[in-house]
Structure formats: C-alpha cells, structure tokens
Protein chains: 2
Amino acid sequence: MVMVKVGLLGLGTVGSGVYEILRDKKESLKKATGKNIEISKILVRDKSKDRGLGVDPSILTENVDDILNDSSIDILVEVLGGIELPYEYIIKSLRSGKHVVTANKAVISPYLDELHKLADENNVGLLYEASVAGGIPVIKGLKDIIKINSVSNIKGILNGTTNFILSKMYDEDLSFDEALSLAHKYGYAEADPTDDIEGFDAARKISILASLGFGAHVGFDDVVCRGITSVSASDIKNFKDLSLVPKLIGSATIAGNECSASVEPLLVDDSAPFASVKDAFNIVSIEGDIVDELQFYGRGAGKNPTANAVVTDILDIVLENYKEYSFTNNTDIKPSGSKLFKGNYYMRVSNVNSDKLLNSINDIGLNHKVISSGHELVILTEKIDSESMESMIAKLNLPKGSFCYLRIESENVNI
Amino acid sequence: MVMVKVGLLGLGTVGSGVYEILRDKKESLKKATGKNIEISKILVRDKSKDRGLGVDPSILTENVDDILNDSSIDILVEVLGGIELPYEYIIKSLRSGKHVVTANKAVISPYLDELHKLADENNVGLLYEASVAGGIPVIKGLKDIIKINSVSNIKGILNGTTNFILSKMYDEDLSFDEALSLAHKYGYAEADPTDDIEGFDAARKISILASLGFGAHVGFDDVVCRGITSVSASDIKNFKDLSLVPKLIGSATIAGNECSASVEPLLVDDSAPFASVKDAFNIVSIEGDIVDELQFYGRGAGKNPTANAVVTDILDIVLENYKEYSFTNNTDIKPSGSKLFKGNYYMRVSNVNSDKLLNSINDIGLNHKVISSGHELVILTEKIDSESMESMIAKLNLPKGSFCYLRIESENVNI
C-alpha cells in the first residue's frame with residue numbers, strides 16, 4: 001500500500017488529536033513510513049456539529065457501517081469510549097481484515113486474549129498503546145522486554161486523576177473533597193469520578209500490563225481493587241512525619257504459576273522515583289531478570305500525548321512492526337488475589353478507644369508499633385501479606401469509614 | 001535466514017552477558033523471532049583464558065579476519081571498547097554487507113553520520129542502543145518520538161560513576177575524594193576516572209542523543225563540557241539548605257537552526273524526578289511538541305542490562321526493524337556552544353574578601369542575591385545564559401580551584 005486509508009471512529013478529544021497529527025505532520029510521517037496516511041472516513045454522532053477542525057464534511061458519517069463495510073479502509077482507529085459497541089466494531093473490523101488501533105482499555109482489558117487470537121487468524125495488527133498511560137510507550141517497551149526477560153514485577157501510577165488529588169492533598173494540605181473539587185475544576189476528573197477514585201480505571205490498565213508481562217490473561221476481575229477515598233488529611237500529616245508519600249499504584253507480581261494484581265493506595269519513600277511523580281503524570285516500572293528495573297514516565301492522559309500513542313500505533317501497523325508480537329495465553333498461570341504482595345502496613349483508626357483496640361490487635365496476633373494513640377490510633381504493622389492483612393482488618397470489625405490502611409513500599413520501616 | 005549467525009568481537013563483561021543471554025534464552029528468542037540465533041565466532045585476545053562460560057573453544061579466534069571475512073556471518077556485534085580498531089572493523093563489516101550492533105559510544109559519537117550512510121548504502125542495519133544509558137531503551141524510544149514530534153529538549157543523567165559520587169556526597173556527607181574511593185571500591189569507577197568525572201563519557205552520549213533527536217550531527221567537540229570535581233562538601237550543605245540536588249546532566253536544546261549541547265553539574269529541585277535518580281541509575285528526558293515530556297529510567301551500566309540492550313538490537317536486526325530508520329544529517333542546524341541554556345546560577349567562591357568580590361560582581365553587572373558571605377561567598381545570580389555566565393566568571397579572574405558554579409534547573413528560585 002502506497003496510500004494507507006484510516007477509518008476513524010470518534011472525533012472527540014483524542015480523535016481530534018489524531019486528526020490534527022495526521023494533517024499537520026504529513027511530511028514527517030511520510031518520511032518515517034514512505035507512505036501517505038489518509039483519514040478517509042470519520043464516524044461522528046452529529047455531522048452538522050462544527051468542531052473547528054476544518055474537516056472535509058464529505059468524509060464524516062453517522063453510520064458506522066460506512067466504515068466497517070468499506071474494504072478500501074486498511075486501519076480502523078477506535079477512540080469512541082464505551083464497551084459493547086466498540087467491541088463489536090473491533091471484532092467486525094478484525095474479521096474483515098482491517099488492522100485495529102484502539103485507545104479503549106475497557107475493551108482490551110476483558111477481551112485481550114480473544115481479540116489477539118482474532119487478529120492473528122486474520123493476519124492483521126491489533127495495537128492499543130494509548131489504552132495504558134497515555135503518551136508513555138510502555139506497551140511497546142514491555143513487548144521488547146519480554147522477548148528477552150522473565151518479568152517478575154510491574155508497578156505503575158496509572159491514573160492521573162487520583163495522582164492529582166493525592167498530590168494536592170500532600171503538597172497543599174487540601175482535604176480529599178477540596179482536592180477532588182480542584183480536579184473537577186481543572187478537567188482532571190469526570191462528573192462521576194467513581195471509576196478513577198475507586199481504582200477501576202487503573203485496574204483495567206494493570207490488567208493489560210500484567211497480561212502482556214506474564215503472558216497470561218489477567219482480567220479486570222482478577223485485580224484486587226481499593227481506591228483512595230479513605231485517605232484523610234490526618235493520614236497525610238502522619239505520612240509526612242514518616243517521610244512517606246501516598247500513591248495509588250497498580251501492581252502485578254508473579255511467583256511460579258501464581259500471579260497477583262492489585263490497585264491500592266501504597267506508601268513510598270519520599271525520595272523514591274514514584275514519589276516525584278506529580279499531578280497528572282504517570283509512571284510505570286517493569287522488572288525483568290536480565291534488564292533489571294526500567295521505568296517509563298510521561299503524560300498519562302491529554303489530547304496530544306494520547307493521540308501521539310495512537311499515531312505511533314498507526315505507524316507501527318504501516319511499518320508492519322505489529323507482526324512480531326503474538327499474545328499467547330498461558331492458562332497454567334492463575335491469578336490468586338493479592339496474596340503475593342507483602343509489606344509493613346500503616347493503619348489509622350479514628351474515634352476509637354485505643355487501649356481496647358490495641359488489645360484486639362494483640363489478640364489477633366498482628367505485631368505492630370504504635371505511632372500515636374488516644375482518640376485516633378495509628379500503628380505500623382509487621383511485614384504481612386496482603387490477604388492476611390485483609391483478614392485481620394475483617395476480624396477487627398471496624399466501623400466503615402473509620403479507618404485507613406496502606407501497604408508500605410519501602411525497606412526503611414522498623415517496627 | 002532461518003539460522004542467524006553472529007560474530008562477537010569481545011568477550012569481556014558485556015560480551016559474556018550477550019553470550020549468556022543468547023545461550024540461556026534461546027527458546028524465548030526463537031519464539032520472538034522465529035529464528036535460531038547462534039554465535040558462530042568470538043574474537044578474544046587470549047584463546048587459552050578460561051572464562052568459566054563453557055564456550056566451545058573451536059569458535060574462539062584471536063584473528064579478527066576470521067570473523068570479518070566470514071561471509072556466513074550475518075551480524076557483527078562489537079563490544080570491544082577502544083576507537084580506531086572497532087571503527088575499522090565496523091566499516092569493513094558494513095561494506096561487506098554485515099549488520100552491525102555496537103555498544104561503542106566512542107565510535108558512534110564521532111562517526112554516526114558516516115556509519116549510517118555506509119549502512120544505508122549497503123542495505124544493512126546499524127544499531128547501538130547499548131552505547132547510551134545501558135539497559136534503557138532510549139534510542140529506540142527516541143526514534144519513535146521523532147517520527148511524529150519535533151524534539152526541543154533532551155536531558156539525561158547519563159553517567160553512573162558521577163551520579164554515584166554525587167549521591168554519596170549528598171546522602172552520606174562524603175567528600176568528593178571519599179565518594180570517589182567508594183566508587184573505585186564498588187567497581188563503579190575506572191582506575192583513571194577522568195573520562196567520567198570530567199563529563200567526557202556523558203558528552204559522547206548526549207552527542208548521540210542530540211544527533212538523533214535533532215536530525216543533525218552533534219559531535220563530541222560540539223558539547224560544552226564541565227565535570228564535577230569543583231563541587232565541595234560545603235557546596236552540598238548549601239544545596240541542601242536551598243532544597244536543591246546536584247546532578248551531572250547532559251543537555252541538548254534547539255531553537256531554529258541553532259542547537260546547544262552541554263554536560264555540566266546542574267541543580268534540580270529535590271522533589272524533581274531527576275533528584276530521585278540515585279547511585280548508578282540513569283535517566284533520560286525527551287520533550288517533543290506532541291507527546292510533551294517522556295522519561296526513561298533504568299540501569300545505565302552493568303553486564304546484564306547492557307547485554308540486554310545489545311540483544312534487543314540483535315532481535316531488531318533479525319526482525320528487520322532496522323529498515324525504517326535512516327539518519328539524515330541536516331547541515332543547516334549548527335551547534336552553537338552553550339548559549340541556548342539559561343537559568344539562575346549558584347556560585348560559591350572560597351578564600352576571598354567577600355566585600356571586594358561583591359564589588360567586582362556589581363561592577364560587571366551580574367545581578368544576584370547573597371546567600372552567605374565572609375570567608376566564603378555564596379550567591380544566587382539572576383537568570384543568565386550559559387555563555388554570558390562563562391564570560392562573567394572569566395572577567396572575575398578567580399583563582400583556579402577556588403570556586404564552583406552550577407546552573408539551577410528550577411522555577412522556584414527567587415533572587
């Protein structure tokens with residue numbers, strides 16, 4: 001193909017960015033690929049809406065079949081959002097021999113195995129760099145790492161909204177609600193922020209990274225997920241005293257044929273690279289047996305960075321770089337909750353009789369050091385695995401909303 | 001080619017690592033490429049030396065021509081070190097249609113343009129990921145970025161030895177000499193550390209990154225270079241008071257048809273990502289007009305991480321991923337010293353009459369704030385470009401070894 005035809009589903013923020021890059025960087029892209037890449041059709045909800053992009057109206061359509069049934073289109077680029085419809089469009093496109101580039105983590109996370117199989121059967125590419133960590137080329141990096149390395153650990157700050165909130169709480173002493181308001185004001189949070197603050201967005205992303213890293217499909221439901229809503233201003237004060245910084249981190253680890261994946265607020269040393277990742281930036285750390293640790297950092301969202309990832313995928317399709325990767329699902333590897341994660345824990349309980357609670361904590365056999373007691377009890381626990389900690393917490397039967405606990409990712413804790 | 005034959009020049013630290021990966025990861029590499037990759041000959045200085053690697057003695061040779069003249073060898077891997085001989089071997093290999101993978105920054109930095117031309121003419125690949133920042137896939141990342149982006153800035157902690165020394169000085173209050181001794185003890189410093197501590201090693205690396213990023217050959221001599229030997233224990237104390245951390249940073253920036261490249265100790269905010277890069281780790285930051293800032297972090301040296309980069313290059317040759325990149329030297333772009341760099345400066349002068357020196361500083365018109373005066377004068381200057389600062393320093397005619405000045409990479413300085 002000397003001319004590559006792209007069908008674009010969606011002309012929202014990311015779609016507009018893709019359109020602009022393919023328009024404004026035409027010469028540079030031609031130099032990189034030797035081909036002309038042209039958007040030949042764009043699916044929009046309302047053809048009459050003026051988007052200020054100067055798009056030729058004749059390439060706009062409100063009927064997806066105009067794109068799916070157009071055999072002259074080589075690559076489908078899906079930046080719609082949603083799950084059912086995009087899933088259906090992607091399936092149809094792969095079946096009809098179209099390459100697919102998508103930014104849609106909600107489709108890739110659950111259907112990764114099925115979609116890769118379908119792409120392989122039809123000899124087409126399926127790329128989704130923009131589905132994880134925006135502009136950061138972590139999926140491509142990870143695919144290179146696993147050619148040589150056994151990957152043991154993946155960790156990332158994968159959600160800009162929660163990182164913005166936690167950064168503002170830490171750096172500017174805002175309460176959770178104040179920081180969330182600010183995130184709304186700056187456009188970093190959705191009207192309904194649940195998906196972000198409860199960790200679901202990050203869970204889809206770590207599920208994709210874990211699947212690729214371990215060569216086994218780790219689904220959304222395999223990710224143990226806790227959000228950041230329980231972190232209070234008094235916790236932040238305690239964290240500072242302990243030289244620790246809270247971050248919502250997606251983690252995945254493997255031991256033999258068991259793997260664990262989670263999204264939860266963790267505490268990192270204030271001098272650790274993760275602690276320096278502020279506001280809406282993302283970072284991903286990958287550990288392999290040969291290369292050791294690599295980290296990738298950049299903008300985890302936003303129009304241009306995300307569109308950059310989509311266009312990089314388009315170029316990799318055009319350059320036929322998609323052919324070397326094939327996902328094979330090793331079904332011997334079983335996700336097993338969060339039990340492979342282990343560490344000291346920070347735990348705070350409010351509105352309690354500390355002496356009574358400490359007796360209960362001693363009764364259940366959770367070794368600890370008391371940081372502060374009285375009206376509010378704060379302890380650091382011994383090293384304990386995540387599942388055991390959950391069961392300890394359950395045994396204590398604490399009133400909902402009265403407590404907060406975070407695993408500490410540091411070797412500097414002494415209890 | 002179903003069987004890919006590799007000729008390996010050098011079986012030192014990195015060479016042994018490459019040998020072990022190709023031996024121990026055979027199945028994984030076959031899965032990634034569909035080919036068997038075999039080292040068919042290895043150049044060593046002494047065939048009789050036992051390296052404990054179990055290498056078949058029949059593939060060892062002390063005569064490089066056994067490899068260069070062997071037309072069955074597809075890929076030459078050069079991990080010898082040195083300049084003249086490796087350069088000659090690489091030239092011969094490219095001319096005879098062998099792909100070349102090298103870890104040799106001392107060859108790539110000055111001859112990048114010439115070698116790429118020769119590789120293109122002979123339709124072979126020339127890859128050198130391991131020449132910059134060890135295991136970090138920054139060259140591959142950069143090549144992807146420039147397909148879409150205009151790169152405006154590249155910055156990196158590119159030398160593990162100096163980063164180790166500065167980390168120890170900062171974190172453990174060691175003097176420069178004590179930290180250098182420790183670097184020697186841990187094998188992080190060469191017997192003659194000049195190349196590292198004077199910044200020459202990092203200068204070769206930033207010259208390579210700048211060349212690729214800007215599409216113009218920036219040579220070693222185009223990089224303005226200052227090492228870390230002038231940083232004293234009293235400077236470190238002052239940096240801490242200012243919440244700044246010293247790092248030896250290679251920088252490159254471009255404006256229109258002018259570019260600047262330098263290696264010099266800079267001061268960064270103690271909460272900045274670069275400040276958290278400790279000991280022998282490296283980091284590289286790249287800014288593009290679309291993707292914004294990306295950072296790549298990992299081990300900048302060491303047997304396995306560096307060998308990982310070499311083998312990744314071998315795989316990219318085997319997978320024919322080398323074909324998409326061609327270096328074109330835009331000779332309109334001119335390196336112009338360090339004048340594009342601008343910032344506030346920290347400056348310390350020892351054993352002076354502060355009042356007298358402050359008069360001189362006022363006389364030459366360098367606006368500043370006095371941090372401490374007396375026996376030792378410490379000031380922060382106004383924002384000034386690097387070349388003007390150099391000429392200010394020259395005008396003050398300070399005794400050699402009595403002073404230290406570092407540009408501050410922070411927006412938080414007020415004078």
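1. Domain bounds, as used in this note, come from an automatic or database domain assignment. With that understood, the centres of domain 1 of chain A and domain 2 of chain A, taken over C-alpha atoms, are separated by 29 Å. The structure is a predicted model, and every point below should be read with that in mind.

2. The assignment divides chain A into domain 1 (3-127), domain 2 (138-300 + 331-335) and domain 3 (342-409).

3. Where domain 1 of chain A meets domain 2 of chain A, nine residues of domain 1 are in contact with ten residues of domain 2. The area buried between these two domains is about 750 Å², and carbon and sulfur atoms give 70% of that area. On the domain 1 side, the residues that lose the most area to domain 2 are K105(A), S109(A) and L112(A), which together account for 67% of what that side buries.

4. One salt bridge is counted between domain 1 of chain A and domain 2 of chain A. A salt bridge joins K105(A) and D201(A), whose closest N and O atoms are 3.3 Å apart; K105(A) is also among the residues named above for the area lost to domain 2. Three residue pairs are in polar contact across this interface. Helix α5 (residues 105-121) of chain A provides the largest share of the domain 1 side, with eight residues, and the residues of that side divide into six nonpolar, one polar and two charged.

5. Over all chains, a search of the whole structure finds 52 salt bridges. One that deserves a look within chain A is formed by K339(A) and E258(A), with the closest N and O atoms 3.2 Å apart. This pair links distant parts of the chain, 81 residues apart: K339(A) lies in the loop between β13 (334-335) and β14 (342-349), whereas E258(A) belongs to strand β10 (residues 258-269).

6. How are the two copies, chain A and chain B, related?

7. The contact between the chains takes 43 residues from chain A and 43 residues from chain B. Chain A and chain B bury about 3600 Å² between them, with 53% of it on carbon and sulfur atoms. In chain A, K147(A), I148(A) and Y297(A) lose the most area to chain B, yet together they make up 18% of what that side buries. Because 100% of the interface residues of chain A are also interface residues in chain B, the copies meet through the same surface.

8. Six salt bridges are found across the interface of chain A and chain B, and the side chains of K140(A) and D144(B) meet in a salt bridge with an N to O distance of 2.5 Å. The same interface holds 18 residue pairs in polar contact. On the side of chain A that touches chain B, α2 (26-33), α6 (138-148), β12 (292-299) and α12 (303-318) each supply at least two residues, and β12(A) gives the largest share, eight residues. The residues of this side divide into 18 nonpolar, 13 polar and twelve charged.

Technical notes. Residues are numbered from 1 along each chain as its sequence is written. Chains are lettered from A and ligands numbered from 1 in the order in which they are written. This is a predicted model: local features need pLDDT of at least 70, side-chain atom pairs count only at pLDDT 80 or more; totals for chains, interfaces and linings use all residues. Side-chain values use heavy atoms; hydrogens and water are left out. Contact means heavy atoms within 4.5 Å. Buried area is the accessible area (1.4 Å probe) that two parts lose on being put together, summed over both. A salt bridge is a side-chain nitrogen of Lys or Arg within 4 Å of a carboxyl oxygen of Asp or Glu. A polar contact is a pair of N or O atoms within 3.5 Å; within protein, one must be able to donate a hydrogen and the other to accept it, and residues adjacent in sequence count only if both atoms are side-chain atoms. Helices (H or I, at least four residues) and strands (E, at least two) are DSSP runs, numbered from the N terminus. Ala, Val, Leu, Ile, Met, Phe, Trp, Tyr, Cys and Pro count as nonpolar, Asp, Glu, Lys and Arg as charged, and the others, Gly among them, as polar.
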